[in-house]
Amino acid sequence: MSNVSPSGTPMAASPLTRAVLEIDEYASGLGWDRPARLFALVDTAKLRAQEPGLASQLGLEAGEVAAYTPIEQEELPAGKPLDEFLGTIAWPDAVAGCALTVERLMLPPSAEASVPDGLDEAGLAKWVARHPDRQEVRMTVAVLRDGAREAAIRLREKDSPNEVLTGADLVPGLADALAATFEG
């Protein structure tokens with residue numbers, strides 16, 4: 001018996017890890033150079049019980065399904081900084097968690113020592129974009145109301161489901177910003 005589901009997601013993965021990998025796989029199918037995407041995570045069993053019509057529409061009415069169903073939200077407003085946008089979100093009680101997928105340029109830790117002093121955010125972004133060791137990455141970060149977190153990072157140059165790095169603390173700043181959408 002295989003430890004991998006038909007979708008390629010590890011069977012032993014936690015329900016939140018499975019949701020993150022499902023979103024990563026979805027984003028991968030859309031290709032690169034895409035805007036950030038926001039998802040509500042809903043408890044699949046509750047969704048089936050409370051909204052059978054919607055569950056049917058989403059193909060969740062029969063068989064084994066994931067614990068969390070990601071539901072993509074409207075497109076994020078262009079030109080608005082991500083942290084400002086996230087500060088405007090308030091989720092209804094039916095939403096168990098949320099996830100965001102976003103593309104960024106990253107540098108290896110070895111490049112941090114060579115960052116010029118005194119750069120503003122725009123200057124730093126330009127410097128990173130020109131750096132020879134930069135990596136394009138897609139980060140998918142999810143949080144639940146109970147504080148659980150998970151992230152997946154996919155490098156553009158290693159764009160394969162087998163090369164996706166997962167972990168709870170990979171993108172702590174973004175996880176904190178998503179968790180804040182459940183406060184208040």
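**The cavity and the strands beside it**

Strand β3 gives the most to the lining of the largest cavity: three residues. Strands here are DSSP E runs of at least two residues, helices are H or I runs of at least four, and both are numbered from the N terminus.

A word on the basis. This is a predicted model, where local features need pLDDT of at least 70, side-chain atom pairs count only at pLDDT 80 or more, and totals for chains, interfaces and linings use all residues. Residues are numbered from 1 along each chain as its sequence is written, and side-chain values use heavy atoms, without hydrogens and water.

Now the cavity. On a 1 Å grid over the protein atoms alone, a cavity is a set of points where a 1.4 Å probe fits but cannot get out; lining residues have an atom within 4 Å of a point. Points join across faces, edges and corners, and volume is the space filled by probe spheres set on them. The count is one cavity of 30 Å³ or more. The volume of the largest is about 70 Å³.

What lines the largest cavity? Among the residues are Ala27, Leu30, Thr101, Val102, Glu103 and Arg138. Helix α1 (15-30) and β3 (95-106) each supply at least two lining residues.

Next, the strands. Two strands pair if DSSP finds at least two bridges between them. β3 and β4 (residues 135-144) run antiparallel, joined by 10 bridges. Glu103 has Arg138 in β4 as its bridge partner. Both residues also line the largest cavity. β1 (residues 37-43) pairs with β3 too, antiparallel, over six bridges. There, Ala40 stands opposite Cys98 in β3.

Definitions and conventions. On a 1 Å grid over the protein atoms alone, a cavity is a set of points where a 1.4 Å probe fits but cannot get out, and a pocket is an open set with protein on both sides within 12 Å along at least five of seven lines; lining residues have an atom within 4 Å of a point.
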